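Thanks for coming. I have one structure to go through today, and I will keep to what can be read from the coordinates.

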Amino acid sequence: MFLIGVAGFSVASLLCGFAASPTALILGRILQALMATVMAPQVLASIRVLFPGPEQTRALALYGATFGLANICGQLLGGFLVFAHPFGYSWQSIFFINIPIGIVAFVGAVFFVKESKSLHARKLDFIGAILLSVTLGFLVYPLIEGRELGWPKWMMGMVCLSIISLLGFIQYEARLASKGLDPLVELALFRNRRFSLGILMGLVFYMLSAFYLTFSLYLQAGLHKTPLQAGIAMLPFAVSFFLSSAASALDTRIRSYALPAGFALQVIGFGIVALCARYQLRGLEEGLVCAGIGFGIVMPRIIKAVIGDIDERHAGLASGMVMTALQIGSALGIAIVGGFFYVSLGAETSLHAYARAFSNSMAMHVALLILGCALSLCLPGERPITLCVDSSQNSAKAFH
């Protein structure tokens, strides 16, 4: 599944780069997204199955560090490629660069990643996937387009339909589970408090994806920086994110205060960024460093909270669910926070207007992070795995 996802994503990137129209580009992006959903959950599932105990914590921290490293490379390389126009390509080059990376990942996976399979193969729940997709479509589209279209009644109807389709999805998944079939979402997993709180934290936390959009708009449209300069301006956040994630890999102990502390650092850091942007003060870089350190602390621990306490037979399912929650959070963040940015901006195009809009959007991020911090304080500790010997059956059973 991972190899199919990597190969498909590379091919989709090639199609995006050669797209001759906006429609072709959108279709290529859809194919990219489909292949990413095939590829990404396999990484977390493999970490859950192949790495035990402390090694798993270290692997998740390194997984978070790769996000930081990719952040650095993406900001710098993306800005450079758009600026340099290699081989006469501009925006197309940001898709073509995925192809050599995909080849390296494919070959590396063939030689170094162990195969892992569930003892009981699951069937794909197509109806559940369609119902969930319709639910998200009915919700996200109005949030993105509603402001520009003036919130017509039919768009408000879509929001209401998203609630109805969500209820239908939950009912359908529960019916499949009651019949012993394979639902897309195993609702019973939400009885695990760590899992359910971790999913909710991940959704709230990943709404921060809107920060990349609003910060880029502030830098390029407000401060009139080039794409390369905007990428360099993001480096304090990206480097500190990478270093704090990498440092987490050196300490495999689960500390109860780590998640709240990580959220608190982001609240402080993004608060500083908001104030510096609003009043054109010095200290923006320091705020980004503080927020990046917090981001690097939080990300691997949220994933650990979701999949670390889940039985291995549900590893693939739980990994898919956490990746889905992160993507839903990203979509909602861009729709809600990005929409709030444009509402704050209005029709103005001055630096002051962009600074005000960006600082307002950062205030919304701070509020979301405070919510995430509150959720992390409710997170129960990991339960130790105990071995119980049943002498009457002459067998050993491991239970939480």
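This is a predicted model: local features need pLDDT of at least 70, side-chain atom pairs count only at pLDDT 80 or more; totals for chains, interfaces and linings use all residues.

I will start with one side chain, Arg356, which counts as buried at a relative accessibility of 17%. The cut-off for buried is under 20%, so Arg356 falls within that class. Its partner is Glu348: the two side chains form a salt bridge, with 3.3 Å from N to O. Glu348 is partly exposed, at a relative accessible area of 40%.

Now the chain as a whole. It has 400 residues, and 43% of them count as buried. The secondary structure consists of 15 helices and 2 strands. Among contacts with a separation of 6 or more, 75% are between residues 24 or more positions apart.

The crossing of H1 past H5 is left-handed. From H1, the contact uses Phe2, Leu3, Val6, Ala7, Phe9, Ser10, Ser13 and Leu14. From H5, the residues are Asn98, Ile99, Gly102, Ala105, Phe106, Ala109 and Val110. Sorted by class, this contact between H1 and H5 has 11 nonpolar residues, 4 polar and no charged ones.

The second pair is H9, residues 210-222, with H15, residues 351-377. Here the angle is about 165° and the axes lie 9 Å apart. That makes H9 roughly antiparallel to H15, and H9 passes H15 in a left-handed crossing. On the H9 side the contact residues are Ala210, Phe211, Thr214, Phe215, Leu217, Tyr218, Ala221 and Gly222. On the H15 side they are Leu351, Tyr354, Ala355, Phe358, Ser361, Met362 and His365. By class, the contact of H9 with H15 comes to 11 nonpolar, 4 polar and no charged residues.

What about the backbone? Most residues other than glycine have a negative phi. His85 is not a glycine, yet its phi is positive, about 55°. The residue sits in the loop between helix H3 (53-84) and helix H4 (93-96). His85 counts as partly exposed, at 42% relative accessibility. Trp151, also not a glycine, has a positive phi of about 50°. Its loop is the one between helix H6 (126-149) and helix H7 (153-178). Trp151 is partly exposed, with a relative accessible area of 37%.

The last stop is a glycine. Is Gly294 buried or exposed? Gly294 is buried, with a relative accessible area of 0%. This glycine belongs to helix H13, residues 284-307. Leaving aside residues up to four places away in sequence, Gly294 touches Gly262, Leu265 and Gln266. Leu259 is 35 residues from Gly294 along the chain, and their C-alpha atoms are 8.7 Å apart.

Methods
Residues are numbered from 1 along each chain as its sequence is written. Side-chain values use heavy atoms; hydrogens and water are left out. A crossing is left-handed if the near helix is turned anticlockwise from the far one by less than a right angle, and right-handed if clockwise. Helices (H or I, at least four residues) and strands (E, at least two) are DSSP runs, numbered from the N terminus. Contact means heavy atoms within 4.5 Å. Ala, Val, Leu, Ile, Met, Phe, Trp, Tyr, Cys and Pro count as nonpolar, Asp, Glu, Lys and Arg as charged, and the others, Gly among them, as polar. A salt bridge is a side-chain nitrogen of Lys or Arg within 4 Å of a carboxyl oxygen of Asp or Glu. Buried means under 20% relative accessible area, exposed over 50%, partly exposed in between (1.4 Å probe, protein chains only). Axes are lines fitted to C-alpha atoms, for helices over the stretch in contact, and angles run from 0 to 180 degrees between N-to-C directions. Angles under 35 degrees count as roughly parallel, over 145 as roughly antiparallel, 65 to 115 as roughly perpendicular and the rest as oblique.
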